[in-house]
Amino acid sequence: MMKRRDFLASAGLVVAASSVSRVAMAALPEPVIQATPDTMPPLVPNSGRPYNPVVTLNGWTLPWRMNNGVKEFHLVAEPVVREIAPGMVAHLWGYNGQSPGPTIEVVEGDRVRLFVTNKLPEHTTIHWHGQRLPNGMDGVGGLNQPQIQPGKTFVYEFVARRPGTFMYHPHADEMTQMAMGMMGFWVTHPKTRNPLIDEVNRDFCFLLNAYDVEPGSYTPKVNTMLDFNLWTWNSRSFPGIDSLNVRLNDKVRIRIGNLTMTNHPIHLHGHEFLVTGTDGGPTPKSTRWYEVTTDVAVGQMRQIEFLADEEGDWAFHCHKSHHTMNAMGHDVPTMVGVDHSGIASKIRKLIPDYMVMGERGMADMAEMEMPLPDNTLPMMTGQGPFGPVEMGGMFTTLKVRRDQKPGDYKDPGWFKHPVGTVAYEFKGSMAEPQRASSAGNQAMPRATQASSPTEVRVRKPNAHTGH
Ligand SMILES: [Cu+2]
């Protein structure tokens, strides 16, 4: 005897199967798996409508096959091992061997068929964030479709109606699956010249994501709400994030999506940019103004554009300073100004390796080689041409070079500054500081000077009640 719930579930599957029977007859496109976390060169389209491909930072674009005019992709949801930065790997969930999954690139008007195979230990779905599509293709498990059970393959099919910057992620056990790294980028290129979409020389994209991996462990804690300790771009943290390498006077577009649990003010040095698009599509020109920081809120996408007309190695990072640190930067008490040299020598008699961190600021953390648990990144790290960069997390560089070849994305190395253009140490004699308390030097002297300094009395409540 079939229970009502089972009957409904199988009836749903029959409908789904009959509507895609033509597809079900055909063989699945062979899944393409990527194992390295390197930035792959742009995938130049060899079939379908032409377009200018994007470059996914520490990622890649999924190849497709054409089947009677339909672009067919095969995504495989599966556990993956992702190198977050050299020296640390995380056990994540992702697609086709990586977290994030591969970027999907299509052209406005393309009919797209996506096969999604679930190799996870639990059910999943994919939601195509920002797309116009039939409601039953929107991917919210339970609402728009049955869940994709482990071992099963589902088919999504729709026309990419709007050009723009999108993403994909599960809408099933989201807290777990996104905390484990399941997400990917989607770019729909315009079919014809669009007055709101400029042609650019370089078009980069990446997702903002975050993990809570305890120092010494490998698997993210999935119940963390806000206190993540690895702030990543495409599941990489500095110094594991590749630099964005461009040619002087290139027009550059960078597309950014946020699937963390907090906002990220993304900041570029040396240039001003325009926000030319969101997940809602290209922004009207009247709404664009120049900025050097744009906040990308949770679930948002921002597309920024600028002319790379200043040579150099320009920092490009999240402006929340805690997001440019790796694990160990949290739960460290503030020690600035605390002299604990006495206690340190006492502890060192018991623990020879003991180091006091932070009494002159936290830069010691980057200079000293602190012993770290296995599989743990230093809190602040990275060697620059002038010393430790003292960064981690959501930080990388935009490298603008006169001699970078068009289409060449290789790292050109450190910038060679023209003579006389680097900040330098002043070696003259120090002038006496002019203090505001010097006689006659106050902009607004008090009418009557107090004869003795005012004593400030603070009365503390003796009972903590009555708020
Ligand atoms: Cu941030």
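Visitor: Is Asn68 buried or exposed?
Guide: Asn68 counts as exposed, because it has 8 C-beta neighbours inside 10 Å. A residue is called buried if 20 or more other C-beta atoms lie within 10 Å of its own, exposed if 12 or fewer, and partly exposed in between, with C-beta atoms placed from the backbone. This is a predicted model, in which local features need pLDDT of at least 70 and side-chain atom pairs count only at pLDDT 80 or more, while totals for chains, interfaces and linings use all residues. Residues are numbered from 1 along each chain as its sequence is written.

Visitor: Where does Asn68 lie?
Guide: In the loop between strand 2 and strand 3. Strands are DSSP runs of E with at least two residues, helices are runs of H or I with at least four, and both are numbered from the N terminus. Asn68 also has a positive phi, near 50°, and is not a glycine. Most residues other than glycine have a negative phi.

Visitor: Which other residue has a positive phi although it is not a glycine?
Guide: Asn58, at about 50°. Asn58 sits in the loop between strand 1 (55–56) and strand 2 (65–67). Asn58 is buried, because 24 other C-beta atoms lie within 10 Å.

Visitor: OK, strands. How do strand 3 and strand 4 pair?
Guide: Strand 3 (residues 70–85) and strand 4 are antiparallel, with eight bridges. Two strands pair if DSSP finds at least two bridges between them.

Visitor: How many residues of strand 4 are buried?
Guide: Six of the eight in strand 4 (residues 88–95), so the strand is largely enclosed by the rest of the structure.

Visitor: What order do the strands of the open sheet have?
Guide: The four strands run 5-10-9-7, with mixed pairing. Strand 5 (104–107) and strand 7 (127–129) are the edges, each pairing on one side only. Strand 9 (residues 164–169) and strand 10 (residues 184–189) run antiparallel and are joined by five bridges. Phe166 has Trp186 of strand 10 as its bridge partner.

Visitor: Which residues touch the most other members of the largest nonpolar core?
Guide: Trp186 comes up again, along with Leu75, Val116, Met167, Phe204 and Leu230, in a core of 83 residues. A nonpolar core is a set of buried Ala, Val, Leu, Ile, Met, Phe, Trp, Tyr and Cys residues joined through C-beta atoms within 7 Å.

Visitor: What does Leu230 touch?
Guide: Not counting residues up to four places away in sequence, Leu230 touches Ile84, Ala210, Tyr211, Val213, Ser237, Asn326 and Ala327. Contact needs C-beta atoms, placed from the backbone, within 7 Å.

Visitor: New topic. Which peptide bonds are cis?
Guide: Ser99 to Pro100 is cis, with omega near -5°. Pro100 is in the loop between strand 4 and strand 5. Phe238 and Pro239 are also joined by a cis bond, with omega about 5°. Pro239 is in the loop between strand 12 (230–233) and strand 13 (244–247). Most peptide bonds are trans.

Visitor: Last one. Where does Arg161 lie?
Guide: Arg161 is in the loop between strand 8 (153–159) and strand 9. Arg161 is exposed, because it has 12 C-beta neighbours inside 10 Å. The C-alpha atoms of Arg161 and Gly109 are separated by 5.4 Å, although the two residues are 52 residues apart along the chain.

Key:
Contact = placed C-beta atoms within 7 Å.
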